[in-house]
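Notebook open, structure loaded. I want to go through the sheet, the core and a couple of single residues.

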Amino acid sequence: MSDRESAVEITGVVRDASGAPVAGAHVLFTDGPVPLPDIAALTDGGGGFSLAAPAPGDYTILCRADPVLGSPGTARATVHVGPPGRGAAAAQVRVELTLG
């Protein structure tokens, strides 16, 4: 099994304090159960993002919005990723981040 096959996808949405989706925000891991590559996702037009967690465990995710592009602020969340199921479709964990 390759690393990519054992990864669990963390998807989510970044919103501002009013609940509107935030486009162009940087979302990245700041802590996890294994060493993590420096990979950041940019939110799309609907505030959506996706990151691949390489192993089960707890991950800390940080989001920073660029005030030049719109809503300023940061958000942080801890996400628990369980082991992927055998023979199941790709596992996913969903999280919502609200800028503060």
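Before the sheet, I noted that two strands pair if DSSP finds at least two bridges between them, and that strands are DSSP runs (E, at least two residues) numbered from the N terminus. This is a predicted model, where local features need pLDDT of at least 70, side-chain atom pairs count only at pLDDT 80 or more, and totals for chains, interfaces and linings use all residues. Residues are numbered from 1 along each chain as its sequence is written, and side-chain values use heavy atoms, with hydrogens and water left out.

**Sheet.** I found an open sheet of 4 strands, ordered β3-β2-β5-β6, with antiparallel pairing. Its edges are β3 (40–42) and β6 (73–81), each pairing on one side only. Inside it, I looked at β2 (residues 26–31) and β5 (residues 57–65): 5 bridges join these antiparallel strands. I also saw that His26 stands opposite Arg64 in β5.

**Core.** I took a nonpolar core as a set of buried Ala, Val, Leu, Ile, Met, Phe, Trp, Tyr and Cys residues joined through side-chain atoms within 4.5 Å. The largest one has 24 residues, and those touching the most other members are Ile10, Val14, Phe49, Ile61, Cys63, Val81 and Leu97. I checked which elements give two or more residues to this core: β1, β2, β4 (48–53), β5, β6 and β7 (92–98).

**Single residues.** I used contact for heavy atoms within 4.5 Å. Leaving aside neighbours within four places in sequence, Val81 has contacts including Val8, Ile10, Tyr59 and Val93. Thr11 sits in β1 (residues 8–15).

Definitions and conventions. Buried < 20%, exposed > 50% of the residue type's maximum accessible area, 1.4 Å probe, protein only.
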